[in-house]
Amino acid sequence: MERIELDYPAKKKVSNGAHIGVVGSGDLEVLLEPTDGETAHVSIRTSVDGFGATWKAVLDRFFAKYEGAVRIQINDAGATPGGVQLRLEQAAEVSEQ
Amino acid sequence: MSNLPSISNFISRQSFIELDARERAIALFDEGTSRELVGPFDRIESPWLAMQDVTPQEDDGCVVMKGKIGGQAAVVIALEGAFQGGSLGEVSGGKMAAALTLASADNEKGVSTSAVVLLETGGVRLQEANLGEAAIAEIMASILVLRRHAPVICLTAGTVGCFGGMSLAAGLCSYVVMTRESRLGMNGPEVIEQESGVDEFDSKDHALIWAIDGGEQRYATGLADALVEDDIPQIADAIRNLVLKGPPPVYRSSQVELYRSRIAALDTSRQWDPKELRALWSTKDSTEEKQ
Amino acid sequence: MSENAGLRGTVWFRAITGQASSMPGDPKSVLTSDAPLGKEQARFLCVVPDPNARFPGARHGEVGLEEGYTLAARVREIVEQDKGAIKRPIVAIVDAKSQAYGRREETAAIFLACAAAIDAYGSARLAGHPVIALIVGQAISGVPLTHGYQANRILALDDDGVVIHAMHKAAAARITRRSVEELEKLGKKIAPISYDVRDYAKLGLLYKLLHVENPEKPSEQDIRNVQDELVGAVADARRGPVDLRNRLESKEALEMRRATLLVRSKLEAQWLEN
């Protein structure tokens, strides 16, 4: 079990939270909540150790476009980078509805 | 019970099985009346999984929603089959037992409140063993109390099915609703093969598994009250009808003399084709009403 | 331990009730006796091995189809007899290694046979009968759920031969891909998965853990002590509500079942909101 914490600058206020996904084998759960301030914080818990660099790459890519001031929690059970990307985008979309 | 669907029915079907637990629960309520209780943002997760290198889920794989079904108060408790096989841990089991107890309390205050339990589960979560078992016992106890007031409806749609200790809980319910894809049985095929050998049960023989545990067989042998298509409106209708029907005149799990005599009449010297049981156990000779 | 599987049940049943037989017409695998407990009569029940059982999967003390329905019938009989009268105690003596695993069992819906016993025990408790479970040996998987866990009070012997769990060690090791030794070690850190009854006692589900000198061959003193404890459990059950809340209110539960208590109180708080 590995915990990874990441921070990104945030410019936009977000009004709604979002919850996406299931901690199924090869899947993940994303909880997105609005916060105050100018930072977005990501907490990752994953049962597959040793992929810190991959997680950072995926989150860097997501936050290159996403500017929301949010706290994101990820509970992961072995999703692919593509799967993570998809769930993050779904969460962002739902929170903007 | 419906006949074989026509092609156009099949294409326009909205699959219930493809929904996750949360979506399934919402689908059963009168539109706009449901709200989730103790959802993921309350963050009450299993205290036991992370220390065993299993990633927890924030709702612990159990979704509780309150709302109205057919205009009547109802609670839906849905197990997420994709999370740890829908297994019962301390928190998910505790949520289910507590929701059933709270529904009973509402009934006692004069608000008729039914419960629908969506069971996609292999039973006890091994990583929580004795606390999972304790929770299941408490769920059973609360079903026995609630069913006296209002229907406790078990819905098993697939793909996980309802196995282990929770199949016993299904046996206590007022009504059991299944699809052809779903299964209901105490011991899964792999467990039987492991304990009693492949001749006793070849767990790779899918036809055999569904012939014994499948929804069609259970319905045809009087062990399920309704067999529904994997179609959201049909399933919601079936559930609504049972909520409005109220408690059954008699419970399957209370029909001890009937089942004792049925068991006594079986020829145990051989294995049976499960279909043989359909003629022996159809509901014609029991006091159950046919759906 | 496994050589004695299912023998302790018979030994303790005979020790406490003075006999060890089934009722006429019942399968020999279910012992039923109406015997004195303190100043009153109680019904005692136990599932034991019967090598001549009709179902091949139920010959070594497993709880199978016949056992589930027989337990149900014998419990319901007492409830029926005691309508409008004093509710006699019902004591489940537990030592069974598993439910019956077989194709016949699944086809003939063993899930319902076990549910019938659960219905009977639970309904008896709700009707005011003090239902007591005494675990003297194994109580694994479907066994405690079917025969014991609907009791008002659960007692267990403090002994290595008492194993209460969701799955026996060999199968659990196989499924979790650990060795049995690793499982045992993990159980020392994580009480709910331990196979040791002393760790089980920390969960708050037990009314009492009973020390006896000889669990395999109880002495006169052992038997008297256990009978006294059963009498005490009956009295305690009668003093309390008919539900299972004592398993949440015990000192141990307040410690080990905190997540349960938290989710219950949160659910109750949100239930009423609107």
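## Reading sheets, chains and contacts in a predicted model

Visitor: Where does helix H1 of chain A lie?

Guide: This is a predicted model. Helix H1 (residues 52-65) of chain A lies across S1 and S4 of chain A, and its direction makes an angle of about 25 degrees with S1(A).

Visitor: In which order do the strands of chain A stand in their sheet?

Guide: First, the general idea. Strands of a sheet pair through backbone hydrogen bonds, either parallel or antiparallel. In chain A, 5 strands form an open sheet with the order S1-S4-S5-S3-S2, and the pairing is mixed. Strand S1 (2-9) and S2 of chain A are the edge strands; each has a single partner strand, so one side of each lacks a neighbour in the sheet. On average, neighbouring strands of this sheet are turned by 10 degrees against each other, direction ignored.

Visitor: Which sense of pairing, parallel or antiparallel, do strands S2 and S3 of chain A show?

Guide: Strand S2 (residues 18-21) and strand S3 (residues 28-34) of chain A pair in the antiparallel sense, over 4 bridges. Within this pair, A:Gly21 stands opposite A:Glu29 in S3(A). The hairpin of S2(A) and S3(A) has 6 residues between the strands, and in this hairpin A:Gly26 takes a positive phi near 80 degrees.

Visitor: How many bridges join S4(A) to S5(A)?

Guide: S4(A) and S5(A) run parallel and are joined by 6 bridges. In this pair, A:Thr46 stands opposite A:Asp76 in S5(A).

Visitor: How many residues of chain A are in contact with chain B?

Guide: In chain A, 14 residues are in contact with 13 residues of chain B. The elements of chain A that give two or more residues to this side are S3, strand S4 (39-46) and strand S5 (70-76). By class, the side of chain A that touches chain B has 5 nonpolar, 6 polar and 3 charged residues.

Visitor: Which element gives the largest share of the side of chain C that touches chain B?

Guide: The contact takes 62 residues from chain C and 67 residues from chain B. The largest share of the chain C side, 11 residues, comes from H4(C). By class, this side has 37 nonpolar, 12 polar and 13 charged residues.

Visitor: Why is chain C described as compact?

Guide: Chain C has 12 helices and 7 strands. Its radius of gyration is 18 Å, close to the 19 Å that the globule rule gives for 274 residues, so chain C is as compact as a globular protein of that length. Of the 274 residues of chain C, 55% count as buried. Along the principal axes, the C-alpha atoms of chain C fill a box of roughly 55 × 50 × 45 Å.

How values were computed
Residues are numbered from 1 along each chain as its sequence is written. Chains are lettered from A and ligands numbered from 1 in the order in which they are written. This is a predicted model: local features need pLDDT of at least 70, side-chain atom pairs count only at pLDDT 80 or more; totals for chains, interfaces and linings use all residues. Two residues are in contact if their C-beta atoms, placed from the backbone, lie within 7 Å. Ala, Val, Leu, Ile, Met, Phe, Trp, Tyr, Cys and Pro count as nonpolar, Asp, Glu, Lys and Arg as charged, and the others, Gly among them, as polar. The radius of gyration is taken over C-alpha atoms; the globule rule is 2.2 Å times the number of residues to the power 0.38. A residue is buried if 20 or more other C-beta atoms lie within 10 Å of its own, exposed if 12 or fewer, and partly exposed in between; C-beta atoms are placed from the backbone. Two strands pair if DSSP finds at least two bridges between them. Axes are lines fitted to C-alpha atoms, for helices over the stretch in contact, and angles run from 0 to 180 degrees between N-to-C directions.
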